[in-house]
Structure formats: structure tokens, C-alpha cells
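Take a look at the structure first, then read on.

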Amino acid sequence: MNSEQKLNLDQLQRADAKHHLHPFTDTKEINEQGTRVIVKADGVYIWDAEGNKLLDGMAGLWCVNVGYGRKELAEAAYQQMLKLPYYNSFFQCTTPPAIELAEVLADLAPRHINRVFFTSSGSESNDTVVRMVRRYWDLLGEPQKTVIISRKNAYHGSTIAAASLGGMKFMHEQGGLSLPDIVHIDQPYWYAEGGDIEPSDFGLKVAQQLEEKIIELGPDRVAAFIGEPIQGAGGVIIPPETYWPEVQRICDKYEILLVADEVICGFGRTGKWFGSDYFGIHPDFMSIAKGLSSGYLPIGGVMVSDKVSQVLIDRCGEFAHGYTYSGHPAAASVALANLRILREEKIVETVDNETGPYLQNRWAELAEHPLVGEARGVGFLGALELVKDKTKREFYPKIGKVGGLCRSICIENGLVMRAVGDTMIISPPLVASKANIDELIQKARQCLNITLERISTLNFDD
Ligand code: PXG
């Protein structure tokens, strides 16, 4: 970094500390350390203001599916902004990109899902789900069906309804959450919570908590169940294969609506277009965002099954819900260009058949590392459980300490790998080549080695 760059970075960091409140951040702490300013990106790499190049193992925040630097996406936004930068979808209006995107999404989604309500984020999508679910039952003459069942440690967003649906206790403790009539059952997290039970039995057992909860509350009170096909922010928690079929069976038996939060799993992350396709479930709603536009512009939506949309259309009259930016034409144009790239370059198929299996084979090699209790993954998602004693599945006493250390070491060594507690996670751009994957594995292994070395020099016992 030359002195001019250094001055520029110092200025940026000072202004950031003075004026910017960051999301999910201890502002006092980062203001003391100085923020990392990311200035450019290309393919699977990002660069910070000091000139460090990092392999982005997280695709931004689980979203840059087609990788950075795709000119087609910039061009789509530019052309649409020149022609029509904004118009809304209220008052009998809409725009060509919003229409075309709805049509393409209906084509990609499972056959029984043919309509979309547009939003600008995953959180807005899940807020929309809450309103639609309750409206649906109200229209069917069952207004008492208001309870939505979710899971502990789920992440569904940060608006009040989405954070209430989420099962993150530390979020509920801030701001008086959750909203009434949202309840949480256990998550299918076998490694940390399965004890001596076989994964397949554990999957059934936690799924059956849904049935127990429905019976406890009364089936006439329960409106829906919501889950991420694979929990992302909770730590890439992949349910045992028995889990989703049992959840589907229970939802069908009690006529409970099933909501799949596809904000992370959607658009190829599992090697299928949607996590619901991967697990063979038939949701009534799918929340989408992130990979829909590869994060180039904010756009999300709720995909609605024919069963539900028909009731809303036939009986609702005006559905009193919507956002200024629902179906934003520039964001919709970018999403269309993004979906075109995913389709034309067969990126989802490549993850499914080629690069996904390659990543998973190489990722599994890391299970041999003394610090790693489990290496798991699906498609382009992966997690490593960092443990004190792998034979006993024993974590370090202070959860988050080893994970935080490993994360910092990764950054120092040119790799963005996130820590959720002591679980290291990856979600790389779907365009990562085998060479990129080799680099990711080599860097991850090197960072695990450094972490293990550091552990021996520091106190990790309390
Ligand atoms: N659902 C899921 C499954 C998500 O992962 C949201 C909804 C909310 O989307 P918006 O666009 O409103 O952010 C998300 C978002 C993390 C992290 O720490 C994950 C997300 C957001 C912020 C941080 O991994 N996912």
C-alpha cells in the first residue's frame, strides 16, 4: 500500500467510524480496529483497500452466485435505467422486466408454483409470507389459524416478523421479540444436538416435534411451518435425509402450509434450482432473494403455489400489502440477466454434476484434520465443526473463540471463510472452478494448521 492509498484508507475508516452503523456489528469494537474496506472484485476474488486479494468463500453473503464482474448484469441495469429506471406495480400498472421475471421464475419453480410477489430482500419476503399465510386461513373461514411454527437457530431476516420467525435467541432479546403466535421447535442439528442417536433416527425425532407441537396447540390453531431447506446462517445445518419427508408428511396430514425459505438454497446452491427440489418437498410458499440477482441489485420475492394463490385471487379482493420497490424494473432486469447466465452457462448443472461433487470430495478431506470433528456439505455449501476432542465430539468451552480465531487467520491468509460459533462455513460463488476449489481447500487446511498451532500457545480452556 503506498502512502496515498494509506491516507485514503485512513480517511475512509475515520468517516466510517464517525457516521456508519454497521449491521450485526459491535460498533465500538470495529471502530477501534478499523473496518476492512472492500474496493473491487472479479470472479471469485475480492480486494480490500490495502491491496489484499481474498478468495471469497462466502459469495459475498451467500449471494454472488454467478461471481463478480459480470458485465451483462451491469449492462442490464444500465440499459433499463436509461429506458425506465423506476415504475411501480401498484394501481393497475407494471413494467416489462417485472412481467418477464415472474414468467421465468414460474418456469424454474416446481410445477405447482406459478406466481410471485416481489420484494427487495429476504426479510421482506418472509414478512410477506406471514401476512399471506394468515390472510389465506382467514379467507377460508379459519381466522384462528395464526400460529407459525419455526425452528430454534433458524435465520429468516431482520425485520420484526422475519426476526420473530427466526430462532436466534440473541436477536429476540433485543427489541422485544417475538411477535405473538410464532413458536419454535428444535433444529435438525445432529452433530451438536444428536447425542448417541443415529442421524436418521434423530432426523425423525426432531421432525416429529412438529407433530407434537401441532397437537399441543391444536391443529385448528396452526397455520404454517417455515424452514430453510438447509439452515445457512445457523451454521450450514444439513438435516438427516429422514427429516424433510417427515415434515412434509406432517404438514400434509394436518393441512399445515409449508414454507421453504429458499433465500440461500435457491438458484443453484445445492446443485438444484431450489433446496425444495433437492429434498423433494412441495412447499406452498418459497421465499427468495440473494441468488435471484446474484446480489448485484436488491430483489426478492415470495413464490406462491397455485393452491394458495387461487384462494387469494378468488376471495381476497385487495391484498393490502406491497413495497415501493416490488418488481423494481432495474432490479428485475438484473435478475433476468442473472438467470439467463445461470441457465445458458449451465451453472446449476455444473454444480450438481461436476464442481459440487469435486468440492464435497475435497472438503471431506479436511475431516482428517485434528481440529475438525465433522466436515459436511451439499452442493456449494460446506461446514467444519472445530472441536477440542473429535473422538468425543467435544467442543471448546467458550463457543466462538476458536471459530473467531480461525476466521481471522483465514482473512490474514487470503480466504473469506465465516465462523458461526465454532463452525466454519463456506458458500462460494457457483462459478468457482476446480482450480479455485483446490486453492480454497489448500488455504483452509493451512489456516486450520495455524489455528491449531495458536491454540497450543493460548488458553482455550475457559
Ligand atoms: N432468509 C434466509 C434463509 C437468509 O439467509 C434472509 C432470509 C433475509 O434476507 P435479507 O435479504 O433481508 O438479508 C436471509 C439472510 C449471516 C447472514 O450471518 C445471513 C443472512 C443475512 C445476514 C447475515 O450468515 N441471510
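**Helix packing and a pocket**

Helix H16 (residues 401-412) and helix H17 (residues 434-457) pack with their axes 9 Å apart, at an angle of about 130°. This is a predicted model, where local features need pLDDT of at least 70, side-chain atom pairs count only at pLDDT 80 or more, and totals for chains, interfaces and linings use all residues. Residues are numbered from 1 along each chain as its sequence is written, and side-chain values use heavy atoms, leaving out hydrogens and water.

**Terms for helices**

- Helices (H or I, at least four residues) and strands (E, at least two) are DSSP runs, numbered from the N terminus.
- Axes are lines fitted to C-alpha atoms, for helices over the stretch in contact, and angles run from 0 to 180 degrees between N-to-C directions.

**H16 and H17**

- H16 and H17 are therefore oblique to each other (angles under 35 degrees count as roughly parallel, over 145 as roughly antiparallel, 65 to 115 as roughly perpendicular and the rest as oblique).

**H4 and H14**

- The axes of helix H4 (residues 71-83) and helix H14 (residues 329-344) cross at roughly 150° and come within 8 Å.
- H4 and H14 are therefore roughly antiparallel to each other, and their crossing is right-handed.
- The contact of H4 with H14 has nine nonpolar, three polar and one charged residues.

**The second largest pocket**

- About 840 Å³ of space lies in this pocket (on a 1 Å grid over the protein atoms alone, an open set of points where a 1.4 Å probe fits, with protein on both sides within 12 Å along at least five of seven lines; the volume is the space filled by probe spheres set on the points, which are joined across faces, edges and corners).
- The pocket is lined by 27 residues, each with an atom within 4 Å of a point.
- Ser89, Val116, Phe117, Met132 and Phe319 lie nearest the pocket's centre.
- Strand E4 gives the largest share of the lining, four residues.

Note on methods: Left-handed = near helix turned anticlockwise from the far one by under 90°. Nonpolar A, V, L, I, M, F, W, Y, C, P; charged D, E, K, R; others polar.
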